[in-house]
Amino acid sequence: MNAIRSGGAMDRLGIMLSGLCVVHCVASAVFVAMLASAGGALLDPAIHEIGLSLAILLGVFALGRGIVDHGYMMPAAVGSLGLGVMAGAMTLDHGLGSTLYTVLGVALLALGHDLNRRAVI
């Protein structure tokens, strides 16, 4: 039972981090439009690379643990699609397109974590 609860906690953490990522993406776009110097710091590629690396690590752990706990592949498949869209967005030039793809990827990842959490409970 404790393993099931800790798996749900990881998915809740993943959902929270996905939300923070969306806030970061929107805030970056707003800051770039308003204050080019402040927005430039938020658009540093290192922030996105570190964030994606953390998302992949958490996604592999939480979504993979869900497969072990409940045996459903769908949450991991949806979450993995989100991670792939996020990774693809990193290849685009910074702008509206990369922001939209990143937000789409984050939403898919959060959905995968939510499906995983609901399947465990």
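L13 counts as partly exposed because its relative accessibility is 34%; the cut-offs are under 20% for buried and over 50% for exposed, with partly exposed in between (1.4 Å probe, protein chains only). L13 is found in helix α1, residues 2-34. Together with M16, L17 and L20, L13 makes a nonpolar surface patch of about 350 Å². Such a patch joins nonpolar side chains (Val, Leu, Ile, Met, Phe, Trp, Tyr) within 5 Å, from residues with over 30% relative accessible area and no salt bridge, while like charges are joined within 9 Å. Accessible areas come from the Shrake-Rupley method with a 1.4 Å probe; for residues, only the protein chains shown count as cover.

This is a predicted model, in which local features need pLDDT of at least 70, side-chain atom pairs count only at pLDDT 80 or more, and totals for chains, interfaces and linings use all residues. Residues are numbered from 1 along each chain as its sequence is written, and side-chain values use heavy atoms, leaving out hydrogens and water.

Now the overall plan. The protein has five helices and zero strands; helices (H or I, at least four residues) and strands (E, at least two) are DSSP runs, numbered from the N terminus. The mean pLDDT (the predictor's confidence in each residue, from 0 to 100) is 82. Helix α2, residues 36-42, has the lowest mean among the elements, 59. Helix α4, residues 74-89, has the highest, 93.

Next, the interior. Of the 121 residues, 32% are buried. The largest nonpolar core has eight residues: L52, A55, L63, A76, L83, M86, V106 and L109. Helices α3 (45-70), α4 and α5 (96-120) each supply at least two residues of this core. A core here is a set of buried Ala, Val, Leu, Ile, Met, Phe, Trp, Tyr and Cys residues joined through side-chain atoms within 4.5 Å. Beyond its neighbours within four places in sequence, M86 is in contact (heavy atoms within 4.5 Å) with L52, A55, T102, G105, V106 and L109.

D69 and R65 meet at 3.8 Å, N to O. Both lie in helix α3, four residues apart. In helix α5, D114 bridges R117 at 2.7 Å and R118 at 2.8 Å. These three residues are linked in a network. D114 is buried, because its relative accessible area is 19%. R118 counts as exposed, because its relative accessibility is 56%.

Technical notes:
Salt bridge = Lys/Arg side-chain N within 4 Å of Asp/Glu carboxyl O.
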